[in-house]
Amino acid sequence: MRMKETTISINNRSYKVHITHKFIKNIYLRFRNDVFYVSAPHLTTDGFIFRFITQSAEQLITRTEKKATLNRAANYLFGKKIERDLRDDEKKDRLMDYLAIKVPFFERKMNITPLYHIRVRNMRTLAGSNSRKTHTLSFASFLVHYDYAVIDSVIVHELAHHYEFNHGPHFYQIIYEYASNYRRLNQQMKKGIFHDPRNENYI
Ligand SMILES: [Zn+2]
């Protein structure tokens with residue numbers, strides 16, 4: 001086994017490359033903590049290895065960055081940084097505790113009866129949904145990472161569907177009546193910003 005370290009430049013950024021030559025037939029590549037680890041057969045040239053890395057580098061780097069974003073999300077609770085990551089069941093429980101108080105609060109304000117059933121689900125893209133058929137509101141567990149103001153804006157959005165099925169002007173008229181900062185809060189959520197200082201005085 002022969003080992004050596006070098007660097008490679010990808011998109012104007014320099015990465016460490018750790019090469020191990022072994023008695024193997026194929027070349028293997030891993031990317032961890034910003035370092036490329038290559039295992040290659042003994043006679044593989046550096047040129048070949050560098051071309052091999054370049055081919056898969058972008059995909060590997062993007063995948064790692066995505067993972068980092070998700071991990072970053074795990075240690076935000078209601079817009080505040082916390083010391084440890086939240087497990088999936090904790091996310092659901094904490095969000096449900098909040099929704100159990102806040103959904104009925106807005107239902108009262110918006111004159112909605114009977115009260116909706118509430119569910120928290122692991123949805124990746126949708127923040128919430130309103131099933132009129134089962135009279136159920138579903139919320140994505142990732143909402144637990146955001147400021148209360150953002151969560152409330154999603155609650156108001158889903159409850160507005162009680163009156164308006166489509167996202168037309170009347171629908172938004174209802175929303176702005178109960179969430180005047182809806183536009184900004186919706187942008188905050190779409191951009192994945194868990195905390196905005198402008199929400200600090202929000203109760
Ligand atoms: Zn909608």
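Q: Which residues have the most contacts inside the largest nonpolar core?
A: This is a predicted model, so take what follows as a reading of that model. In general, nonpolar side chains tend to be buried together in soluble globular proteins. Here the largest nonpolar core has 27 residues, and those with the most contacts inside it are Phe 139, Leu 143, Val 150 and Val 154.

Q: Which element gives this core its largest share?
A: Helix H2 (88-109), strand E9 (136-140), H3 and H5 each bring at least two residues to the core. The largest share is eight residues, and the element supplying them is H3.

Q: Which residues does Leu 143 touch, not counting residues up to four places away in sequence?
A: Leu 143 is among the core residues with the most contacts. Another of that group, Val 154, turns up again among its partners. With the close sequence neighbours left out, Leu 143 touches Leu 95, Ala 127, Ile 151 and Val 154.

Q: How many residues are in the other core, the one lying apart from the core of 27 residues?
A: Ile 19, Ala 40, Ile 49 and Ile 53 are among the members of this other core. Its residue count is six.

Q: Where are the bounds of the two domains, and how many Å separate their centres?
A: The chain is divided into domain 1, covering 2-74, and domain 2, covering 78-199. Taken over C-alpha atoms, the distance between their centres is 41 Å.

Q: What is the arrangement of H3 and H5, roughly parallel or roughly perpendicular?
A: H3 spans residues 148-160 and H5 spans residues 182-190; their axes lie 9 Å apart. The two helices pack at an angle of about 110°. Angles from 65 to 115 degrees count as roughly perpendicular, so H3 against H5 is roughly perpendicular.

Q: How many of the residues in the contact of H3 with H5 are nonpolar, polar and charged?
A: On the H3 side you'll find Ala 149, Val 150 and Ser 153. They meet Tyr 182, Leu 185, Asn 186, Gln 188 and Met 189 in H5. Sorted by type, the contact has five nonpolar, three polar and no charged.

Q: Is Phe 106 buried or partly exposed?
A: Phe 106 is found in helix H2. Leaving out residues up to four places away in sequence, Phe 106 touches Ile 155, Val 156, Leu 159 and Tyr 178. A residue needs 20 or more C-beta neighbours to be buried; Phe 106 has 17 inside 10 Å, so it counts as partly exposed.

Q: What distance separates the C-alpha atoms of Phe 106 and Thr 64?
A: Along the chain, Phe 106 and Thr 64 are 42 residues apart.

Q: Which two residues does a cis peptide bond join?
A: Most peptide bonds are trans. The cis bond here has an omega of about -10°. Its proline sits in the loop between H2 and strand E7 (117-121). The joined residues are Thr 113 and Pro 114.

Q: What is the phi of Asn 11, and what is the phi of Asn 12?
A: Most residues other than glycine have a negative phi. Asn 11 is found in the loop between strand E1 (2-10) and strand E2 (13-22), and Asn 12 is in the loop between E1 and E2 too. Although neither is a glycine, both have a positive phi: about 50° for Asn 11 and about 65° for Asn 12.

Q: Which residues does Thr 6 touch, not counting residues up to four places away in sequence?
A: Thr 6 is found in strand E1. With 14 C-beta neighbours inside 10 Å, Thr 6 counts as partly exposed. Its partners are Val 17 and Ile 19.

Q: Which residues is Asn 199 in contact with, leaving aside neighbours within four places in sequence?
A: Asn 199 lies in the segment after H5. Its C-alpha is 41 Å from that of Ser 9, 190 residues away in sequence. Its contacts are Gly 79, Asp 147 and Ala 149.

Notes: Residues numbered from 1 in each chain as written. Predicted model: local features only at pLDDT ≥ 70, side-chain atom pairs only at ≥ 80, totals over all residues. Domains from an automatic or database assignment. Axes fitted to C-alpha atoms, helices over the stretch in contact; angles between N-to-C directions. Helix = DSSP H or I, 4+ residues; strand = E, 2+ residues; numbered from the N terminus. Parallel < 35°, antiparallel > 145°, perpendicular 65-115°, else oblique. Contact = placed C-beta atoms within 7 Å. Nonpolar A, V, L, I, M, F, W, Y, C, P; charged D, E, K, R; others polar. Core = buried A, V, L, I, M, F, W, Y, C linked by C-beta atoms within 7 Å. Buried ≥ 20, exposed ≤ 12 C-beta atoms within 10 Å, placed from the backbone.
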